[in-house]
Amino acid sequence: MQRRTGSLRRFEQLAAPDVHPILSEMRALRDHFAAHPFSVWHDLDGNLQSANDLRQRYSTRLYPITATPHVFSYAGLNHNWILRMLLQGGETCDAMICPTASAKQVFSNLITSVAEDLSRSHGLKLRFVPRLATIPLGVDSKIFKPRPKTALREQLNLPVDAVIILWVGRLSPLDKADLLPLVQVFSRLQRGIDRQPLYLVIGGSGHKFVSQTLKAYATELGVAERVLLCPIPAHTRQLYHAAADIFVSPIDSIQETFGITPIEAMSCGVPQVVSDWNGYRDTVVHDVTGFRVPTWSASCDEDISRSAGIYDAYDMYDHLLSGQRVVVDPDALQFRLQSLIDSTDLRRCLGAASRAQAVANYDWQVVVRQHEALWDELADIANNTAWQAKPKKDYNLMLISQVFSHYPTENLDQHTKIALSELGVQVCHGEAQLPAYHSALGVLLIPLLHAALMQLSRTSSSLGMMAASLSAKFHVSQDQANRHILWLMKMGIVRRVPQF
């Protein structure tokens, strides 16, 4: 309860003055689905298939479903994610919202690959019905904004009179970037500096081994005193961005789909030098907000792909190997960083353009308006689409009583006669208590149990008649009422009347 209250409080703080968020547990939402007249359902983790299951099983009307995915590279996604979406089909009022053009292309490639493989192997002709849209992630430009650098650096204990190059992100060559080449490039830049001091600040969380390796390599290259590794808590990231002169991100991992840190730097008016890789192509405007450094790779990954996800506990070793085949041109990286180190005017010019670009394209208000425009369009499609409210055949639906019908000695039907046991009589007279600890978990409704006992204290009944009566009185499903009665039988409070 405390966790839900805290979440609700945070939603209320984030919401606009005229928005009043309602937080509901998923179980409660399913039980009272008709009471929530959704205009759209948006899933933040790319989960179209579960949202579609929910609509198909519980809704009496069609509404749009959209989702934003954040990763495409994990082994097993073809089967667990793409296949499910293809088998479900979806509706024309649904959409997968990819954060970048690169992400959209990857998703399209995955859909096409799985559909073609199924066609060849099983003769299935499946297609992805929902729309593919592109809307970026956003940044709060009121928080991520330019600030006086001197005061910030004093606050953060950073060198005041130096040129600071900043990396922010996970310290992980498995699923983010190998930063050893960056340290090497920095050591070459350091040798060319004869005026203002130069520092590389590497901030973020990750395995201690990675930070130790980076520090050891910086020591070997003689630049350890100028490479500062420090944790940067999420709530202070905007301060470090604004305190920097140059933001750098030589990403080389296929795990990346967007990259939020470049637009955070952009919003703080700091020029970016990034690898020409995935979503950075959409966000970092070359020669305007910063520079994109060429990347190279080659097709040498079939063995990696074949072994991924097979008894490897998804340890992302495949991502590490894949990242090692990606080259972020070190000479070009050095050249672009050097040009910004040498020119305060260039940094100022690109920084101003960065701020304008971030406010115009990536501020959350701008991003939300794009979502709202898409949702309005999809809602029109839903309102003009004939929809069958009756659930379709759902391969993902496992009816327990059918699949496991042979487990019990006997399956009771709704004509089964039931009555109070001796213990049940004692409970009715207050001489014994209901051991209903499951009520604390929301499994059992104590008033319903007492009502069942009161009815049975007057006369015996059948399982079906008792369930129907309780269902009508407490506005629960007949299945739920039946489970309460069977629990009373489980506890020996209600008994089955022998049939002779």
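Helix H21 (478-490) contributes 8 residues, the largest share, to the lining of the second largest pocket of this predicted model. A pocket is an open set of points on a 1 Å grid over the protein atoms alone, with protein on both sides within 12 Å along at least five of seven lines, and lining residues have an atom within 4 Å of a point. The space in this pocket amounts to about 2100 Å³, a volume being the space filled by probe spheres set on the points. Its lining comprises 47 residues, of which Ile400, Ser477, Asp479, Gln480 and Arg483 lie nearest the centre. By class, 21 are nonpolar, 15 polar and 11 charged; Asp, Glu, Lys and Arg count as charged, Ala, Val, Leu, Ile, Met, Phe, Trp, Tyr, Cys and Pro as nonpolar, and the others, Gly among them, as polar. Helices (H or I, at least four residues) and strands (E, at least two) are DSSP runs numbered from the N terminus.

A count of cavities of 30 Å³ or more gives 1, a cavity being a set of points where a 1.4 Å probe fits but cannot get out. The largest cavity has a volume of about 90 Å³. Helix H3 (48-58) and helix H4 (77-88) each supply at least two lining residues, with H3 providing the largest share, 3 residues. The lining of this cavity includes Leu48, Ile65, Met85 and Asp94, and divides into 5 nonpolar, 5 polar and 1 charged.

Residues are numbered from 1 along each chain as its sequence is written. Local features need pLDDT of at least 70, side-chain atom pairs count only at pLDDT 80 or more, and totals for chains, interfaces and linings use all residues, while side-chain values use heavy atoms, with hydrogens and water left out.
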